[in-house]
Amino acid sequence: MKIIYFLFYLTISAAVQAQQSWFKTDTVTRVRVKNVQLLNPWAGGLNASQFTKMHLDGDGIEDLVVFDRTNSKVTTFVAAPNPSEASGKVFLHAPSYEQLFPAIYNWMVLADYDRDGHKDLFTSSPLGISVYRQLKTEGSWSWQLVREGVSTKGFSSNLNLQVSGEDIPAIVDIDDDGDLDVLTFDYSGTFIELHQNLSMERFGRPDSLGTQADPVYFRNGDCWGNFHKDANLDFVFGADCGVVDYSGGRIMHAGNSILASDLNGDSTKDLLIGHVSSDYISFVSNSNAGLIANYTSSTNSYPAKDPVSISMFPAAYLEDVDFDGLKDLIVSTNVGSSDNNSTDFKASNWYYKNTGTQQKPEFSLMQKNFLQDQMIDVGENAAPSFFDIDGDGDLDLIIGTGGNPASTGFRGSLWLLRNTGTATEPIYEMESENYLGLYDAFALYNIKPKWADFNGDGTIDLGFSSVSSGGLKPEFRYIPNRGRTAAALLNIQDAILLPMPTDLRIGDVPFFYDSDGDGDLDLLIGKTQGNIYYYINTASRGRFEFKLQTEAFAGVSLNFQGRFAQVSVADFDLDGLADLMTADHTGTIRIFHSARWGQWTQRESLLVENNGTATAPVYGNYLFAHAGDYNGDRKPDIAIGTNAGGIILLNNILPVTPPLIGVGEHQVVVYPNPASQYIKIVSSENSLLKIVNVKGSVIAENIVVMANVEKEISSSFWPSGLYLLEFVGKASSVTKKIVVQ
């Protein structure tokens, strides 16, 4: 059979120079759980969710916007017909709108402050509150920053209207005069402050935010509602709004969420208040409508049936999420991270359906994993990898998890999603949330898998980094693959602890790769400080002795913005050279390319197509990015694991045709020939490569070559001459000749 080989280097060079998008977000590859297809499998997961609605696609039906506090990321869903039913609507992930949002931290509220019919954006800023006005254009919309900090008139001077970064304020029209007032807890988390908006009173219109010199907000009263919280998180009613003496008692952490709405049908605005140190929502009842509210009673069991019980800091939201015209109750945690690893981020969105009326709601608990049940969500810190577990010729998906709380402590595991489709049209079926029994075998968390030949026996093993409970640094183990067929044979009891560099710290992420082509695995480590360490393995194949080459590989040095760096290696641009991919705390991915190993001359972040433009999306914090050809087009795709526990798929769309290997007999491509600095090889089946010079001396042997995956081998130190490359496959061997000049 003839091997067809296409030349493509000029094509890719021109594409990159023209800012061709490299990848497209995949929202269509199917995932099933118990034979039910997920609506939004690749939405990226959710942890501490803040829910609000606005018009995204202009179809007249409000869509859903979710801000995840732990991930500092917006996820957008459009209201669309249910693809599995003849009628009804559901929320479908629509990532193209996410890039329209500015960088958001801590909290976000969408509310129409200027009453133009379009919701505006309020969010946390170092100055207190930033406000973005929504601008409508033909067929689209955008945000315009109108205030980086909103001012308010205090008791003695004009001040920034401060909202603690831990809090969520209520931005609502308290006095029903048409402009938006602000309710927020004071710095101690004891009293609610009312910052009344006088835009209507002063100007007869609601759209003024005032200036620092002339604010339209003013602090009305010492406190609001005639109540405050005590040191035990209970509420004191009818009390004088004076100084609270905490001497001799506990000083609790500040951190509160406020939702203001009429919840009992008496036309007054009641409150749902969450606190950073509680697992319940407090319902505080109002007896007086208008500006001078009077709160007289409270309960910490709300709703009465199936009351909220979330491990820490619940926050409540009212939005119609089932399309029946009534606002439902959604409650999620508002923590910035899982304190003491106590939060189950797989089920942190409690959805209560409104079975009452709009004026007098009744809430019935429907589920504790709203939206999360329709996406891959392992909890937190997902780490994806692709490997053909069963040897059927397509790639399965194996995901490492950050961990989930249980009676045995906080432990991570491996999830297996088996590909029940084909190599070119994958369908991932959830098979196990405890693949190989890793959860039970070890008390480990932050599991991050890596597939490589660790013991040098010619088969690909499963390695994984992790942190042991109570451990001070990460560990790395591998499970030898005992399989002698295409299918993997792995036993968790065979796991071997690898010696790692002594300067490894929690948060560092190791990546093994044979960078010098000598047949053993070298080591790259993305550091928590943002730099990349590069080690050469000076031992023989299957053994590890690491020698540090640089603490700033590829010029990536200490970098606060880019901290928690993580790396992966593949020939992403298909130019025959290995590229370096990084993901870090900026939330973006970058690819170093177009040069020899470590000498990359270009760094690209405008990689992902969005409405015809190459963009650099922000995917959140603590990312884990893995390269693999999951759709069988011989181009490296990317799976991004998020801090929110989900996966985002990026499909390689570069207009390049990679080398094509014939189907059937064992086929091999070796190029360029003659060679100088390096050779590239492609084999149609998994092989062990042996390289011999013309005198019969072995240059290298037992080099693992994966089927249909290009591998680069350095030949820069080989003497000029003729070399024989023997590829030993499953049932046959192929020998190729190459000249090195």
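Student: Is Tyr622 buried, partly exposed or exposed?
Tutor: In this predicted model, Tyr622 sits in the loop between strand S47 (613-615) and strand S48 (624-628). Its relative accessible area is 35%. Buried means under 20% and exposed over 50%, so Tyr622 counts as partly exposed.

Student: What is the phi of Tyr622?
Tutor: Most residues other than glycine have a negative phi. Tyr622 is not a glycine, yet its phi is positive, at about 55°.

Student: Leu574 also has a positive phi; is Leu574 buried or exposed?
Tutor: Leu574 has a phi near 60° and lies in the loop between strand S42 (566-570) and strand S43 (579-583). Its relative accessible area is 1%. The limit for buried is under 20%, so Leu574 is buried.

Student: Which residues touch the most other members of the largest nonpolar core?
Tutor: Good one to look for in the structure! This core has 33 residues. The residues that touch the most other members are Phe122, Ile129 and Leu371.

Student: Which residue does Tyr302 join through a cis peptide bond?
Tutor: Most peptide bonds are trans. Here omega is about -10°, and the bond is cis.

Student: Which residues make the nonpolar surface patch of about 240 Å²?
Tutor: One member, found in strand S56 (residues 721-728), is Leu722. At 33% relative accessibility, Leu722 is partly exposed. The patch is made by Val694, Leu722 and Val739.

How values were computed:
Residues numbered from 1 in each chain as written. Predicted model: local features only at pLDDT ≥ 70, side-chain atom pairs only at ≥ 80, totals over all residues. Heavy atoms only, no water. Core = buried A, V, L, I, M, F, W, Y, C linked by side-chain atoms within 4.5 Å. Buried < 20%, exposed > 50% of the residue type's maximum accessible area, 1.4 Å probe, protein only. Patch = residues over 30% accessible without salt bridge, like charges linked within 9 Å, V, L, I, M, F, W, Y side chains within 5 Å. Areas by Shrake-Rupley, 256 points an atom, 1.4 Å probe, with all protein chains shown as cover. Salt bridge = Lys/Arg side-chain N within 4 Å of Asp/Glu carboxyl O. Helix = DSSP H or I, 4+ residues; strand = E, 2+ residues; numbered from the N terminus.
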